[in-house]
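Subject: Structure for your review

Dear colleague,

Please find below the structure that I am handing over to you, together with its sequence. My notes on it follow directly after.

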Amino acid sequence: MALASLQALLQTVRLQLEVTANGGVIVWEGRRYPVVDLCLDGLDPSAERAELLSVAAAFEAAVKYPGRLAPGEDLRTGAAALLPKVERQRFVRAYDAVIAGREGELGDLAVHGLFANDLGGGLVTAYVQDEGWKFNYIPRGRVAGWDASPGTVHAVGRSNLYHRAAIDHHAAEVAQGDGYDAARVIIVDEVFYDREGERGIEVAVPGRDLLLVAKGPLDRAAVQQAFALQKYPISPLVFALKAGRLEALVDLVG
């Protein structure tokens, strides 16, 4: 069932997935891209659609928008259009499964694999170079060329996102619709600093285009309903954001 669902999702973006003894092959515009791992084991049953969409999105990104290396580029130049994207952890694994299959074409996985920082709560922050009409994910090798720490890259992405659009600090939700609403969870403590309690700021990231920020405890049922309605769901959980990290509030989500 999961495999058929993944194949159907990939077909919506003109990708065909063939299963092989060693994983699979993605076919796009007549070219074949080996995948060393279909990443369908251990799916979270409470978020299976989100898990499958993260795999499909990662496969598409690794085939169509693989990160570029830029020898000699410095951080100031390379990170001018850098923006963060929040994804499920499975996204990184699936992206790297395609890159590993492209070893003969692209080279070392350690260089071309996805650069991401752990955000906590089963989520990661990946980074893209957004050129307006297209974006490419940032690979580990490009960051290595900048000679910058993961924390520095994150700080640059966070600053770029903060200045991308004004956010009403009185709002209970953020839904700018530009593809970066979930990622705005990383700037919640700057925009909504007055909502921090003992455990942090209560937040939820139901989908790519919706961030919920509590003025009080977030309602479990409302978060799960929002998650179910998202075109690109991310997480049905309620989190506490503290010191830049997410922690699931199990007492609120059951």
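This is a predicted model: local features need pLDDT of at least 70, side-chain atom pairs count only at pLDDT 80 or more; totals for chains, interfaces and linings use all residues.

Aromatic rings

With a limit of 6.5 Å between ring centres, the count comes to five aromatic pairs. One of these is formed by phenylalanine 91 and tyrosine 137, a tilted pair with 5.4 Å from centre to centre and 45° between the planes. Phenylalanine 91 belongs to helix α4 (residues 89-101) and tyrosine 137 to strand β7 (residues 135-137), so the pair ties together parts of the chain that are 46 residues apart in sequence. Both phenylalanine 91 and tyrosine 137 are buried.

A further pair consists of phenylalanine 115 and tyrosine 127. The ring centres are 5.4 Å apart and the planes stand at 35°, so this pair is tilted as well. The pair links distant parts of the chain, twelve residues apart: phenylalanine 115 is in the loop between α6 (109-112) and β5 (116-120), while tyrosine 127 is in strand β6 (residues 123-130). Phenylalanine 115 has a relative accessible area of 7% and is therefore buried, because the cut-off for a buried residue is under 20%. Tyrosine 127, at 0% relative accessibility, also counts as buried.

Beyond individual pairs, Tyr65, Phe91, Tyr95, Phe135 and Tyr137 form one aromatic cluster.

Charge over a ring

The charged end of lysine 85 is placed over the ring of tyrosine 180, at 4.6 Å from the ring centre.

Helix packing

Two packed helices are described by the angle between their axes and the distance between the axes. Helix α1 (residues 2-11) and helix α2 (residues 48-64) have axes that come within 9 Å and cross at roughly 45°. α1 and α2 are therefore oblique to each other, and their crossing is right-handed. On the α1 side the contacts are made by Ala2, Ser5, Leu6, Leu9 and Leu10, which meet Leu52, Leu53, Val55, Ala56 and Phe59 in α2.

Helix α2 also packs against α4, at an angle of about 35° and with the axes 8 Å apart. The crossing of α2 and α4 is right-handed. Residues of α2 in this contact include Glu51, Ser54, Val55 and Phe59, and those of α4 include Arg90, Phe91, Ala94 and Tyr95.

Yours sincerely

Notes:
Residues are numbered from 1 along each chain as its sequence is written. Side-chain values use heavy atoms; hydrogens and water are left out. Rings of Phe, Tyr and Trp (its six-membered ring) pair if their centres lie within 6.5 Å; planes under 30 degrees apart count as stacked, over 60 as edge-to-face and the rest as tilted. Helices (H or I, at least four residues) and strands (E, at least two) are DSSP runs, numbered from the N terminus. Buried means under 20% relative accessible area, exposed over 50%, partly exposed in between (1.4 Å probe, protein chains only). A charge sits over a ring if NZ of Lys or CZ of Arg is within 6 Å of the ring centre and within 35 degrees of the ring normal. Axes are lines fitted to C-alpha atoms, for helices over the stretch in contact, and angles run from 0 to 180 degrees between N-to-C directions. Angles under 35 degrees count as roughly parallel, over 145 as roughly antiparallel, 65 to 115 as roughly perpendicular and the rest as oblique. A crossing is left-handed if the near helix is turned anticlockwise from the far one by less than a right angle, and right-handed if clockwise. Contact means heavy atoms within 4.5 Å.
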